Amino acid sequence: MSDDIPVIDLAAALADDAPGDLLATVRRAAETIGVVQVVYHGVPAEVIAGFNDGFRRVLDLPREEKEQLASPTGHPYRGWRQWPDDFGRLELERFNIGQYDDSDAAEAAGLSPEHATLYTHANVWPPQEPGLRVATQRYQDAFADVARRVLGLYARVLDVPAETYPLGDDVYTTTVVNNYPKWPYDGASDDEKLLLLEHADSSVLTVLHQEGDYAGLQGRRPDGTWTSVPIRHDALQVFTGTLLTNWTDGRLRPGRHRVVAGGTVTRRSSAVFVHPSLDTVVEPLPAFADPDGSDFEPVSVWERASGNVEEYLRVFGRPEQLAAWRENRPYVAEVTA
Ligand SMILES: O=C(O)CCC(=O)C(=O)O
Ligand SMILES: [Fe+2]
């Protein structure tokens, strides 16, 4: 049953005469499961296809060619990377893209020299796909715009002014393409075939696009059970991240999700994680703050972003990966199958 992850006509929900039951549905989802699908989201089909088709061709390249697309300095959030499980079996293949190509580009876009250091490790662009850089820029901007409009909708359904969430124009975004392998091990339960473990994103909102022939993405209901997000070619999935939960003092729930293996073709997804500008400190906004205090600690977007790589490697880093990062060289995981 997927009624708890509603499909929302975003244009209708943002219209002056939006039906009350549609707004009530949005509100219920935002206050419980923290995931909605949006249709009529306004992102042109060619923007989505330009990005996804390009990355599909990249991820379909022979492994020897993809190895050349790993970050030359071992940065875990730049370029191509594979994740084996503890048995060396491929769980996930990813391509990560930073918002700016390098620190010069970040400064040219108006970031302070300190903030521009986030981009010291440059993006990797596959020479096989010369159009991908521009296609990615369009995709990331269009998805950030969807996040802005969904935030406006979430203000509307909670009856607070549209500008309540100070996302601003200078958002901080990160982008990832996920490629999940076909699962050759039959008969396993969902818990035994997790390709991406349960988590909530640390964004304000994440806007995702999924492709494949099975509903591998699942959202966690408040009672702890799971519900799948059906594949709809016209829909984008929007997850509430922990920063929005903090801003609303817990009122809007983080969309906890995971990915289960299945299907007969490679499942692909791509996500744009949308955050406020790097100089924002996120804490409950006046519209939501409880005068008796909050359980939420202030979060500095800059401290989070700048500590991200070390934190990731501390939790998930394999010894060879850590060594590569310390020695400023590419890391390519050993994969057995
Ligand atoms: O592949 C998906 O549908 C989800 C990906 C995801 O949760 C993530 O990249 O954070
Ligand atoms: Fe996620």
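Q: Two strands pair if DSSP finds at least two bridges between them; what makes strands S7 and S10 a pair in this predicted model?
A: S7 and S10 are joined over 4 bridges and run in the antiparallel sense.

Q: Which other strand pairs with S10, and over how many bridges?
A: Strand S2, residues 35–39, pairs with S10 in the antiparallel sense over 4 bridges. Val 36 stands opposite Val 238 in S10.

Q: In which sense do strands S1 and S2 run, and what makes them a pair?
A: Strand S1, residues 7–9, runs parallel to S2, and 3 bridges join them. Since at least two are required, the two strands therefore count as paired. Val 7 stands opposite Gln 37 in S2.

Q: Why does strand S2 receive the description "largely enclosed"?
A: In S2, 4 of the 5 residues are buried, so this strand too is largely enclosed by the rest of the structure. For the protein chain, buried residues make up 39% of the 337 residues.

Q: What makes S6 and S9 edge strands of their sheet?
A: The sheet is open and has 4 strands in the order S6-S11-S8-S9, with antiparallel pairing. Strands S6 (194–199) and S9 (226–228) each have a single partner strand, so one side of each lacks a neighbour in the sheet. From one strand to the next, the twist averages 25°. Inside the sheet, 3 bridges join S8, residues 217–220, to S11, and Leu 217 has Val 259 in S11 as its bridge partner.

Q: What places a residue in the shell around ligand 1, and which residues are there?
A: The C-beta atom of the residue must lie within 6 Å of the ligand. The residues around ligand 1 are Val 176, Asn 178, Leu 196, Asp 201, Leu 208, Gln 210, Leu 217, His 257, Val 259, Ser 269 and Ala 271. Strands S5 (172–180), S7 (205–211), S11 (257–260) and S12 (267–275) each give two or more residues to this shell. By class, the shell has 6 nonpolar, 4 polar and 1 charged residues.

Q: Why is the protein chain called as compact as a globular protein of its length?
A: The chain has 10 helices and 14 strands. Its radius of gyration is 20 Å, close to the 20 Å that the globule rule gives for 337 residues, so the description applies. Along its principal axes, the C-alpha trace spans about 55 × 50 × 40 Å.

Notes. Residues numbered from 1 in each chain as written. Chains lettered and ligands numbered in written order. Predicted model: local features only at pLDDT ≥ 70, side-chain atom pairs only at ≥ 80, totals over all residues. Nonpolar A, V, L, I, M, F, W, Y, C, P; charged D, E, K, R; others polar. Rg over C-alpha atoms; globule rule 2.2 N^0.38 Å. Buried ≥ 20, exposed ≤ 12 C-beta atoms within 10 Å, placed from the backbone. Axes fitted to C-alpha atoms, helices over the stretch in contact; angles between N-to-C directions.
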